[in-house]
Every structure is written in C-alpha cells, then in structure tokens.
Amino acid sequence: MTQCPECEAHVERKDMIMGEVFSCPDCGTELEVTATEPFTVAYAPREEEDWGE
Amino acid sequence: MSDFTLGLFYTVIRPEEKWILEAAEARGIPVERLPDDEVTFPLVRNGVKSDIVLNRSMSHTRSLYGLRFFEHYGLRTVNRFDVVNLCGDKILTSLRLQEAGIPTPRTVVALTPEAALKALDEVGYPAVLKPPVGSWGRLMAKVDDREEAEQIIEHKDALASPMHSVFYVQEYVPKPDRDIRANVIDGEFVAAIYRRSLAWRTNTARGGEGEPVGPSPEIEELAVRAAQAVGGGFLAVDLMESPDGLVVHEVNHTPEFKTVRAVTGVDIAAKVVDYVSEVARR
C-alpha cells in the first residue's frame with residue numbers, strides 16, 4: 001500500500017509489476033510503479049512530442 | 001528453457017507490454033528489461049545480455065537510436081531500424097507506398113510555410129496538414145479554406161522545431177465515420193478492427209471506438225502488401241475507405257493493440273512473442 005502523489009489516496013499493488021502505468025483509482029492521475037518491494041509509485045512520464053506508435 | 005534472451009526496450013509497461021512479458025514467461029523465455037530512460041549505449045557492446053530486442057519504446061527518437069545501437073552490437077531486432085525509420089516518417093512512408101504501387105491518399109510535401117500554401121492549393125480544400133513525425137493524431141489539422149490555412153501555417157511556423165516547418169499536405173478523404181486498423185506479423189494478416197469516431201480523427205488514442213471487421217480478403221491483402229512494402233515485421237496498417245476504394249495512409253511500427261485484442265479476442269502479444277522467437281532462431 002502506498003499513496004498517490006497527487007491526491008494522497010491509498011493505492012494498492014494488486015498484481016502490478018515494475019514499470020507498469022495505471023490511473024489512480026481516486027483522482028485518475030497517471031502513475032507508474034517505481035518499485036514493488038516495498039511498493040512505490042510516481043507520476044508516469046509525460047507524453048513527449050515524438051511519442052506514438 | 002529458451003535458447004535465447006529477449007530484450008524488451010520500452011518506455012513504460014502498458015497492458016501490451018505486460019501481455020508480452022506474460023507470453024514470454026509462459027514460453028520459458030528469459031527477458032532482459034531495457035528501459036529506454038536508463039540504458040546507456042557505448043560504441044562497443046558492453047553489458048547487454050539479450051540476443052534479440054523487441055522495441056516497445058513510445059519515443060520515435062529513442063526507438064531509432066536504440067535499435068541502431070542494438071543492431072550495431074550484432075543483435076536481431078523487431079522491428080528493424082530501417083523499418084522504424086521509414087514508418088516513423090510520414091513522408092518516407094508515402095514515398096515507399098507509392099513506389100510499391102499501394103493506393104494512398106494524394107499527398108504534397110512543402111518545406112517552407114510559403115510553399116505550404118502552394119501545396120494546399122495543389123491538393124485542394126479541404127485538406128489535412130500533418131506533422132511528418134508524430135502519432136495519435138497529434139497536431140494534425142483539417143484545413144477548410146485558404147484563410148484557415150494561413151492561420152494554421154503561421155501557428156506551426158511559430159513552433160520552435162524545424163520539423164514543424166515541413167508540411168505534409170494530404171487530400172481530405174471523405175470516408176465513413178471510421179477507418180481500419182489491420183495488424184500484420186511477418187507477412188501474415190492477424191486481425192483488423194474499425195476505429196469509429198464522429199470526429200474526423202479516428203485514432204482510438206483520441207477516443208475512437210473499436211468494432212470488429214468481418215473477413216475481407218481485400219483489406220487483408222492490401223494490409224499485407226503495405227506491411228511488406230515498408231520492410232515487414234510486426235506492424236499495424238491504417239486504411240481508409242475512400243470513394244475510389246481502400247487507401248493506406250499510415251503504417252505503425254510499434255503498434256498498441258489493446259483495442260484490437262478487446263474487440264477481436266486475438267492474442268496479439270502471444271503471436272508477437274512467437275514471431276520474435278522465430279526471428280531469434282533464424
């Protein structure tokens with residue numbers, strides 16, 4: 001369990017893996033898993049101009 | 001146990017990358033994670049354990065340099081540097097499609113703002129202005145008349161990057177409120193969806209919705225031809241239904257496939273990992 005850096009809501013790891021991006025269930029901010037043991041999250045990287053598929 | 005190590009070059013782990021990691025694990029393939037914001041690239045190979053690298057970086061620039069280095073180190077890559085270089089640039093893609101005789105929207109390129117107005121006159125209004133490099137429909141503009149063109153070109157010219165002073169002008173294709181996204185792996189059609197939107201940009205990243213495409217030999221054949229024309233690999237071909245028939249407007253080199261999987265049920269990640277395994281053993 002950790003906290004969303006934006007809204008401080010509790011965020012659970014569930015089955016998420018290192019590097020996974022997800023939306024905060026409370027405020028919807030895009031977050032990234034930065035470690036699994038212990039579980040930590042940070043803001044997901046911001047989209048850059050040359051990003052795409 | 002696998003006889004090779006798969007390098008995953010990536011920006012973040014989206015559902016697509018998670019499925020790829022799961023598919024590799026299910027096949028006993030060891031994976032070396034290569035985050036594109038952490039890896040360093042000496043001129044001489046040092047430290048990379050992988051035998052083959054699957055590129056899932058979201059950045060076109062990082063993809064290009066990363067792949068060029070991995071190939072320099074003697075690793076196999078999916079997709080190859082040449083394919084990514086071509087598909088990441090709409091101008092190079094259009095040239096290649098035209099050379100291969102694949103129907104594609106009428107396109108005129110201009111290299112300065114002044115020439116862009118001439119290019120728009122040549123294409124005729126309405127037209128679409130696209131950045132030569134970019135995705136997800138970002139910074140694209142539908143231009144209805146010359147007055148609007150002058151305003152948009154002035155804005156683009158004010159953006160700092162020289163790439164915004166290169167103008168890719170394409171005819172506006174009067175299509176149904178949908179386009180087609182077709183996935184091709186190693187010259188074989190895999191799955192296709194319609195991307196539906198009432199707005200003119202139908203990218204699912206822009207909120208376009210996916211719907212299944214029934215079997216269509218015409219779509220499948222054209223998608224495969226387009227994918228092979230740009231060099232093959234794991235690709236997503238975007239097609240539009242123009243009044244004169246199907247046209248290919250883009251080939252994506254590092255496709256997202258969450259929507260395709262949800263709509264068609266096809267396990268693209270498994271197919272990609274099987275393809276990568278085959279390339280590794282070639």
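# Exercises on the contact between chain A and chain B

Chain A brings 16 residues and chain B brings 24 residues to the contact between them, where contact means heavy atoms within 4.5 Å. This is a predicted model, in which local features need pLDDT of at least 70 and side-chain atom pairs count only at pLDDT 80 or more, while totals for chains, interfaces and linings use all residues. Residues are numbered from 1 along each chain as its sequence is written, chains are lettered from A and ligands numbered from 1 in the order in which they are written, and side-chain values use heavy atoms, with hydrogens and water left out.

## Exercise 1: chain A by itself

Describe the elements, the extent and the surface of chain A.

Step 1. Chain A has 0 helices and 5 strands, and from the N terminus on its elements run β-β-β-β-β; helices (H or I, at least four residues) and strands (E, at least two) are DSSP runs, numbered from the N terminus.

Step 2. Taken along the principal axes, the box filled by the C-alpha atoms of chain A is roughly 35 × 20 × 15 Å.

Step 3. Of the 53 residues in chain A, 40% are buried, where buried means under 20% relative accessible area, exposed over 50%, and partly exposed in between (1.4 Å probe, protein chains only).

Step 4. The accessible surface of chain A is about 3300 Å², and carbon and sulfur atoms account for 45% of that surface; such areas come from the Shrake-Rupley method with a 1.4 Å probe, and for residues only the protein chains shown count as cover.

## Exercise 2: the interface

State how much area is buried between chain A and chain B, and which residues of chain A lose the most.

Step 1. About 1800 Å² is buried between chain A and chain B, with 47% given by carbon and sulfur atoms; buried area is the accessible area (1.4 Å probe) that two parts lose on being put together, summed over both.

Step 2. On the side of chain A, the residues that lose the most area to chain B are Asp50(A), Trp51(A) and Glu53(A), which together give 45% of what that side buries.

Step 3. Between the two chains there are 15 residue pairs in polar contact, both residues being at pLDDT 80 or more. A polar contact is a pair of N or O atoms within 3.5 Å; within protein, one must be able to donate a hydrogen and the other to accept it, and residues adjacent in sequence count only if both atoms are side-chain atoms.

Step 4. The side of chain A that touches chain B consists of 6 nonpolar, 2 polar and 8 charged residues, where Ala, Val, Leu, Ile, Met, Phe, Trp, Tyr, Cys and Pro count as nonpolar, Asp, Glu, Lys and Arg as charged, and the others, Gly among them, as polar.

## Exercise 3: Arg62(B)

Locate Arg62(B) and list what it touches.

Step 1. Arg62(B) belongs to helix H2 (residues 60-72) of chain B and is partly exposed, with a relative accessible area of 24%.

Step 2. Not counting residues up to four places away in sequence, Arg62(B) touches Glu48(A), Asp50(A) and Trp51(A), as well as Phe9(B), Thr11(B), Asp36(B), Asp37(B) and Ser57(B).

Step 3. With the side chain of Asp36(B), the side chain of Arg62(B) makes a polar contact of 2.9 Å.
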